[in-house]
Amino acid sequence: MRNVWLIWRREMRSYFVSPIAYILLLMCAFIFGFFFWSLLQAYLQFSMEAQMRGEMFPMNMPEEITRRLFGNIPVTGLFIIPLITMRLFAEEKRTGTIELLTTSPIRDGEVILGKWLAATTMYCCLLLLSVLNVAFLFFYSHPDWKPILVSYLGLFLQAAALLAFGTFFSTLTKNQIIAGAATFCACLLLFVCGWIGEYNSETWARVLAYLSVSTHMESFTRGTLDSKDLIFYVTAIFVGLFLTARSIESLRWRS
Amino acid sequence: MITVKELTKRYARNTAVDHISFEIQKGQIVGFLGPNGAGKTTTMRMLTCFLPPTSGSATVAGFDVLEEPMEVKKRIGYLPETPPLYPEMMTGEYLSFVGSLKGLRGAELKQRIDYVSERCAIADVRNKQLGKLSKGYRQRVGLAQAIIHNPEVLILDEPTAGLDPKQINETRDLIKSLAGDHTIILSTHILPEVEQICQQVIIISKGKLVATDTVDNLQNRSRGAESVFVEVAGRNGALDTTLVQARIGKVSGVSRIVLKEKHPAHSTFEVETQKDHFVRGDLARAIVEAGWDLNEMRSAAVSLEEIFLQLTGKQEATPREDAVVAGASK
């Protein structure tokens, strides 16, 4: 466990010593801010029109806004996740520091876990920026905090699963750009492969729909905790980290 | 301390290390000698558990590299060809990270960091970023991380490659000073380095063990025969090189003459001598008496290649075109 902590700490430092962390934070602050602002504008307009027509505003505005916002964050994540994970192992392979790790008395699993945890921590820092936006809603109204918390759990789990796959792709190459591009491609496919299920109800399409990370997100954004979706994400994390471990092991036999 | 038996590493297309066996006693400095691509790094990587061997076995400090890699890793300090440095880290921070990885903590870790920084003369860059250090400092930080946990065995892959002469000497002295406490294997393709630092030599070529011997024995075996460079100039501004070659070939003890550089007025030859023949005096006299000027005479460093040839008794596969075999011209 101590070794995991060691690796985690080194990774976190390297995120925050280099400009990577700050650039990502800045990017996310802008993007989340824009999402929030535009959603707020839309609903202000909508409620004003409703009032002018003399209707009651029919829905719970803060909840509608957070639901939309949490629907947008994973899309941002698609672009952010490759940026977070691409250097994890690719950089170590390029500079040769991987030799230090593999010849030290530390297990591969500890290295992988430490790195993946650092990546998820980094992503959590970015998620926290959106909390700033959500906090405004609490300031001016009284939304229910429980579904919001569940949504955040969903966002976290989905990202953690994709980050695990990103970690895996980072072990495959020395080149960060290739690792990043492969991760982006995989994340995007995992994101959209559910679409096929909307028009097609054959078994393979249903399987594909099941494998999509976005379909399992719906229950979370509705504010319900569905064990089926929870298990899906946790399994995906395990599969990603397992593939990483196998890839690191094969590195020794191949290189 | 280290026992290697029939160690083999095969890749899809080639065999990098081919049935190598040797043994290293505790406290020795062993030079791992061979041309580039001979399999030095691969062998070292197998000893450090970075690569698993295809067949054969290696034990370090009594532990098998395949069976108990964790125990082996605890007892090994390894400096790869390029020091494994994280460019964004500070030197002190990096040493602390590596020390913790190797299982040191608390006061012991602090004390070891102080010790290795002083020992490797890197105390003055402890608060500098590794990426901004000069090559010499990087190499010494690499050495510092290898010895931080006071390992029984030190494996150094070309520790002096890419350093300037002053740094090379400092690094060699440092390695020599470490010998008492550690068993050291260092790889190199520079022969004098082995002569200076090591007690034992393991020579490999194309993945095969060519010779393993003490340095003294090796030197005795290779000494005797030497190569001399001579630059000869003609008095009247022209020089007939074949005439010079024929004349030098007649000097007793000369085994071979190679024309190295040819100019209209002067030319350079490499003269190889037979074992235990000291020919320089005769050579100089012969050239001057023939009416040429002797501009320069210096001994050519015996290259590793030649040591190989001598040790293995192999003939060169393709004789150089302009070589004149001494016996034939007589």
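**Ground rules.** The model is predicted, and I kept to its cut-offs: local features need pLDDT of at least 70, side-chain atom pairs count only at pLDDT 80 or more, and totals for chains, interfaces and linings use all residues. Residues are numbered from 1 along each chain as its sequence is written, while chains are lettered from A and ligands numbered from 1 in the order in which they are written.

**Entry 1: where the chains meet.** Helices here are DSSP runs of H or I, at least four residues, and strands are E runs of at least two, numbered from the N terminus.

**Entry 2: chain B overall.** I counted twelve helices and 15 strands in chain B. Of its 330 residues, 40% are buried, meaning that 20 or more other C-beta atoms lie within 10 Å of a residue's own; exposed means 12 or fewer, partly exposed is in between, and C-beta atoms are placed from the backbone.

**Entry 3: helix α4(B).** I checked the length of α4(B), residues 106–119: the 14 residues should span 20 Å at 1.5 Å a residue, and the end C-alpha atoms are 20 Å apart, which agrees. The expected span is 1.5 Å times one less than the number of residues.

Which residues of α4(B) are buried? They are Arg112(B), Ile113(B), Val116(B) and Ser117(B). Their arc around the axis is only 130 degrees, so they sit on the same side of α4(B); the arc is taken from the directions from the helix axis to the C-beta atoms. On the other side, Ala107(B), Gln111(B) and Glu118(B) are exposed. The cover over the buried residues includes α3 (91–101) and α5 (135–147) of chain B. Just after the helix, I noted Ala121(B) with a positive phi of about 55 degrees.

**Entry 4: nonpolar cores.** I used sets of buried Ala, Val, Leu, Ile, Met, Phe, Trp, Tyr and Cys residues joined through C-beta atoms within 7 Å. The largest core has 123 residues, and Leu163(A), Ala144(B) and Ile155(B) have the most contacts inside it. Helix α7 (residues 145–171) of chain A gives the most to this core, with 13 residues. Another core, of 14 residues, lies apart from it and includes Val230(B) and Trp292(B).

Key
Two residues are in contact if their C-beta atoms, placed from the backbone, lie within 7 Å.
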